[in-house]
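Here is a short briefing on a two-chain model. Read it with the structure open.

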Amino acid sequence: MVKKIEVQDLRLRYGHKEVIHGISFDIYRNEILGVIGPAQSGKTSLLRCINRTIEFTASAKLSGTIRIDGEDVQKVKNVYELRRKIGMVAPLPVGLPITIYDNVAFAPRAAGMTSKSDLDGLVEKCLRQAALWDEVKDRLDSLGTKLSGGQQQRLTIARALSHQPEILCLDEFSIAIDPVTTMRIEDVLKDLKKEMTIILVTNLVQQARRLAARTMFLWNGEIIELNDNDVIFSDKPVSRKTYEYVNGIFG
Amino acid sequence: MNPSAIPIQPETVSRFTETPLIRKKHRRELVAKGIFGAMALAMVIPLLIIIGYLLIKAWPLLSWGFLTHNPTNGMRQGGVWSAFLGTIYLVVVSLCIAAPVGVLSAVYLNEYAKENWFTRIVNLAVLNLAGVPSIVHALFGLGAFVLFAGIGRSIIAASLTLAIMTMPVIIASTKEALASVPMNFREACWNVGASRWQTIKGIVLPNSLSGILTGVILQVSRTAGETAPIMFTGAVFYRDIVEGNLFAYKLTDQCMALSMHLFAVSTQVTNAPEALPYAIAVVLLGSVLLVNATAIIVRTYLRSRKKW
């Protein structure tokens, strides 16, 4: 298995408060890695370190290295290209106040794609992948912000796919979507796994169990356990805490 | 069917009857609403009285010719053309300076600047500058533009002084307009690899434009009404210009201004007709209200297309 992302001794501080305490792990190419853990355990911060949007938080200081395909992301000069390699879906749906079409075409345009036919094809492909195409194909020029919450979340996913990322980070993507749509997107993710590496941060332990091959249990900025799903979701994971969290005894 | 045949529902005690407590609550609700409403009304009354009073007092002199003719006979007769045009010049030139500088620096402060000691000082300076009395701006303008920079008393020196005065307010209102665009829009753009500028151009500016424009236009009334900053820097008591020519002033000329003219006529000119100062005030107030009304229309139009 080829390592896609290698994280070594990652530490993150906001001001004087350390929120990630030196964690190390690898993510393999074309796997879905589940990340579970209670609130404030550093899941979202970890994702923001990977695509370097953590830099927009002035008080954040990080040490350690994150490598993507062996390349240290901290030393990447073209940070915009780096972010385009990583699709990011935030927990709360964000439809930008531009048309649905422009929402999806925003990233490719920012990257310099201008051909109308290329953009049309890409917009349709991404909206189909996000299971939204059938609902919006007749009103691509209405505002993204006027969609319902669940539709906006799928629009967010379509936007994350629009720059053809190699890594897809989903941060609790299903909290604003109904179960049926969630299932449809989960099916999409299983397909996407063939093309990209997926980090699935989720509050739904069962979602990680369904989709991921391996799951990481983060707690208070430390990895309690990172293991194959057979072990994590068995009666005897390595850590007692994992067992308790997965089975809803604490957390 | 005979209506009386319809069985009458037995009268039951509703669970939603008014108790004394609820009635008290309703009374308080009415009293609160009344007080707030009265206060809101109290805001409107002075404005109506002022406008009505001015119009009645100024009535004998009000005509189209009052606007298009120069003052004559030691400013006792004629119109306000040279003062009216001078005010337009001062407002337009000063806003042409203050609006770009103010808006762009607000974009920097709100979108680019990191929270550190430098930004804190700049923000503090902006706030304090907005609170400086206009007479102090006047002295600064006299010292910096007229004397030190050697521009001399002119429309350009007076406009620069007015621009310094309005800029902090434009910065503050623009920053507020920019901050009203939710942060998660920006984060969504950054996540897909857009630069800050692409984010500002594509999302932030189009959605804060109405607020920015309103803030700028509201400064027109302030600029038009100030007397102190232009008194030492470019306004004169009397000047004769070509009537009906919008380009009668050069930027290096000194000019008349409505606010200054009003001050002069009401305090310095003896035997001026009683209606004259009121008529000048009507012209000043009327043009300011006209511009503000435009601002409100623009804002209503842009808000009606509100996107979230």
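β1(A) and β2(A) pair in the antiparallel sense, over nine bridges. The model is predicted.

- β1(A) and β2(A) make a hairpin, with two residues between the strands.
- A:G15 sits in that turn and has a positive phi of about 65 degrees.
- Within β2(A), A:I27 is the bridge partner of A:I5.
- β1 of chain A, residues 3-14, also pairs with β4 of chain A, residues 60-68. That pairing is antiparallel too and runs over eight bridges.
- In β4(A), A:I5 has A:I68 as its bridge partner. A:I5 therefore has a bridge partner in β2(A) and another in β4(A), as strands of a sheet pair through backbone hydrogen bonds.
- Four strands of chain A build the open sheet, in the order β2-β1-β4-β5, with antiparallel pairing.
- The edges are β2 (17-28) and β5 (71-72) of chain A. Each has a single partner strand, so one side of each lacks a neighbour in the sheet.
- Helix α1 of chain A, residues 43-50, packs on this sheet. The helix touches β1, β2 and β4 of chain A. Its direction makes about 115 degrees with that of β1(A).

- A:Q40 lies in the loop between β3 (32-36) and α1 of chain A.
- Phi of A:Q40 is near 65 degrees, a positive value in a residue other than glycine.
- Is A:Q40 buried or exposed? A:Q40 is exposed, with 12 other C-beta atoms within 10 Å.

**The parallel pair of chain A**

- β6 of chain A (residues 86-89) and β7 of chain A (residues 167-171) pair in the parallel sense, over four bridges.
- A:L168 in β7(A) is the bridge partner of A:G87.
- Both faces of β6(A) are covered. A:I86 and A:M88 are buried on one side, A:G87 and A:V89 on the other.

**The nonpolar core**

- The largest nonpolar core holds 141 residues.
- Which members touch the most other members? They are A:C169, A:I199, A:L200, B:L258 and B:I280.
- A:I199 touches A:I27, A:L33, A:V35, A:L47, A:I167 and A:C169, leaving aside residues up to four places away in sequence.
- One of these residues, A:I27, is the β2(A) partner of A:I5 described above.

**The contact between the chains**

- Chain A gives 22 residues to the contact and chain B gives 18.
- On the side of chain A that touches chain B, the elements giving two or more residues are α2 (79-85) and α3 (100-110) of chain A.
- α2(A) supplies the largest share of that side, four residues.
- The residues of that side of chain A divide into 14 nonpolar, four polar and four charged.

**Chain B overall**

- Chain B has eleven helices and two strands.
- Along the sequence, the pattern of chain B is α-α-β-β-α-α-α-α-α-α-α-α-α.
- Chain B has a radius of gyration of 27 Å. The globule rule gives 19 Å for 308 residues, and the value for chain B is well over that, so chain B is more spread out than a compact globule.
- The C-alpha atoms of chain B fill a box of roughly 95 × 60 × 40 Å along the principal axes.
- Of the 308 residues of chain B, 36% count as buried.
- Take the contacts in chain B between residues at least 6 apart in sequence: 76% of them join residues at least 24 apart.

- B:N271 lies in the loop between α10 (258-267) and α11 (275-304) of chain B.
- Phi of B:N271 is near 60 degrees, again a positive value in a residue other than glycine.
- B:N271 counts as exposed, with 7 C-beta neighbours inside 10 Å.
- B:M183 is in helix α7 of chain B, residues 183-191.
- Why does B:M183 count as exposed? B:M183 has 9 other C-beta atoms within 10 Å, and a residue is exposed if that number is 12 or fewer.
- B:M183 and B:L127 are 56 residues apart in sequence. Their C-alpha atoms are 23 Å apart in space.

How values were computed:
Residues are numbered from 1 along each chain as its sequence is written. Chains are lettered from A and ligands numbered from 1 in the order in which they are written. This is a predicted model: local features need pLDDT of at least 70, side-chain atom pairs count only at pLDDT 80 or more; totals for chains, interfaces and linings use all residues. A nonpolar core is a set of buried Ala, Val, Leu, Ile, Met, Phe, Trp, Tyr and Cys residues joined through C-beta atoms within 7 Å. A residue is buried if 20 or more other C-beta atoms lie within 10 Å of its own, exposed if 12 or fewer, and partly exposed in between; C-beta atoms are placed from the backbone. Two residues are in contact if their C-beta atoms, placed from the backbone, lie within 7 Å. The radius of gyration is taken over C-alpha atoms; the globule rule is 2.2 Å times the number of residues to the power 0.38. Ala, Val, Leu, Ile, Met, Phe, Trp, Tyr, Cys and Pro count as nonpolar, Asp, Glu, Lys and Arg as charged, and the others, Gly among them, as polar. Two strands pair if DSSP finds at least two bridges between them. Axes are lines fitted to C-alpha atoms, for helices over the stretch in contact, and angles run from 0 to 180 degrees between N-to-C directions.
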